[in-house]
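I opened my notebook to look at one model.

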Amino acid sequence: MSHPAPTPRTRIRRLHEKAAYDRAVIDAILDTMPVAHVGHIVDGSPVVTPTLQWRKGDRVYWHGSSASRMQKRAADEQVCLTVTLLDGMVLARSGFEHSVNYRSVMVFGTAEVVEGAAAKEAHLRAMMEQMFPDRWNALRPITPQELKATRILSLPLTEASAKLSTGHATETPGDSSWPVWAGVIPIHLAVGQPEPAPDLAPGLPVPGYASGYRIG
Ligand SMILES: Cc1cc2nc3c(=O)[nH]c(=O)nc-3n(C[C@H](O)[C@H](O)[C@H](O)COP(=O)(O)OP(=O)(O)OC[C@H]3O[C@@H](n4cnc5c(N)ncnc54)[C@H](O)[C@@H]3O)c2cc1C
């Protein structure tokens, strides 16, 4: 595992005490939250597209329709991918000092296209296996047409930063006696009970990766 040193793009300037460049910290955030936002430039205008991401080794991946604008226009271009976990609302005595607790990652680089049907299938399997272990082999096999209709982009984790905000508000000196409630409202993502497809054949048990699914 490589540990990216901060670059001019990833050196955190604002509240730099919250920065982390350690790959273990970056990987843990990427592996906890599959939703990413990919920012790129289309015809001179910024576009930020939400999508799913997964990490394998030293790279982060995301996929989509070969026809999607993002998949076509971000390929071989500079992008910034972010992943965010919201952990709490932080209420201070003044409006100015309100904030949020969070863990977030930003990755910069040139989005590379995964080429070749075999490589694409291997990456799609890896994505599925990470989310739902052992499911890929139980599925109707992917077809050549489906592989052709899918594009996968990736970024190396060589230019990445994490920022983590925890704890209570930093109050303005003298504010602590102000008579208003202050504190943290923790936020957790909740996973519900799996809901079987309406046309599910009888007798198929709920797999452990569905009943025990965890996120956040
Ligand atoms: C859920 C959430 C809510 C937030 N709400 C606010 C808000 O309301 N107002 C506000 O000012 N800020 C907020 N932030 C913090 C915000 O993401 C920026 O860190 C902050 O605005 C400073 O931006 P900057 O461009 O000056 O950062 P700089 O420190 O100049 O950024 C330099 C580099 O540091 C790294 N970096 C900066 N921010 C992050 C980050 N969040 N995660 C990972 N790497 C980072 C990047 O590599 C970036 O290129 C929030 C963050 C999260 C995750």
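Why does Thr7 count as partly exposed? I counted its neighbours: Thr7 has 13 C-beta neighbours inside 10 Å, so it counts as partly exposed. The scale I used calls a residue buried with 20 or more other C-beta atoms within 10 Å of its own, exposed with 12 or fewer, and partly exposed in between, with C-beta atoms placed from the backbone.

The model is predicted, so local features need pLDDT of at least 70, side-chain atom pairs count only at pLDDT 80 or more, and totals for chains, interfaces and linings use all residues. Residues are numbered from 1 along each chain as its sequence is written.

**Entry: Thr7.** I placed Thr7 in the segment before strand S1 (19–20). Helices (H or I, at least four residues) and strands (E, at least two) are DSSP runs, numbered from the N terminus. I then checked Thr7 against Thr49, 42 residues apart along the chain. Their C-alpha atoms are separated by 24 Å.

**Entry: positive phi.** Most residues other than glycine have a negative phi. I looked up two exceptions. Leu15 has a phi near 50°. Leu15 also lies in the segment before S1. Leu15 is exposed, because 11 other C-beta atoms lie within 10 Å. Asp134 has a positive phi of about 75°. I found Asp134 in the loop between helix H3 (117–131) and helix H4 (144–148). Asp134 is exposed, because it has 11 other C-beta atoms within 10 Å.

**Entry: the open sheet.** I traced 4 strands in the order S4-S5-S9-S8, forming an open sheet with antiparallel pairing. S4 and strand S8 (112–113) stand at the edges, each with a single partner strand, so one side of each has no neighbour in the sheet. Two strands pair here if DSSP finds at least two bridges between them.

I went along the sheet pair by pair. Strand S4 (residues 54–56) joins S5 through 3 bridges. Trp54 stands opposite Tyr61 in S5. The hairpin of S4 and S5 has 2 residues between the strands. In that hairpin Gly57 takes a positive phi near 60°. S5 pairs with strand S9 (residues 150–156) over 7 bridges, in the antiparallel sense. His63 has Ile152 in S9 as its bridge partner.

How many of the 7 residues of strand S5 are buried? I get 5, so I logged S5 (residues 59–65) as mostly covered.

**Entry: the ligand.** I counted 15 residues around the ligand. Thr10, Arg13, Arg14, Ser104 and Lys163 come nearest. Near means that the C-beta atom, placed from the backbone, lies within 6 Å of the molecule or strand. By class I noted 7 nonpolar, 4 polar and 4 charged residues in this shell. Nonpolar covers Ala, Val, Leu, Ile, Met, Phe, Trp, Tyr, Cys and Pro; charged covers Asp, Glu, Lys and Arg; the others, Gly among them, are polar.

Which strand gives the largest share of the shell? It is S7, with 5 residues. Strand S6 (78–91), strand S7 (99–110) and strand S10 (160–165) each supply at least two residues of the shell.

I checked how these strands pair. S6 and S7 are antiparallel over 12 bridges. Gln78 stands opposite Thr110 in S7. S7 and S10 run antiparallel too, joined by 6 bridges. Met106 has Ser161 in S10 as its bridge partner.
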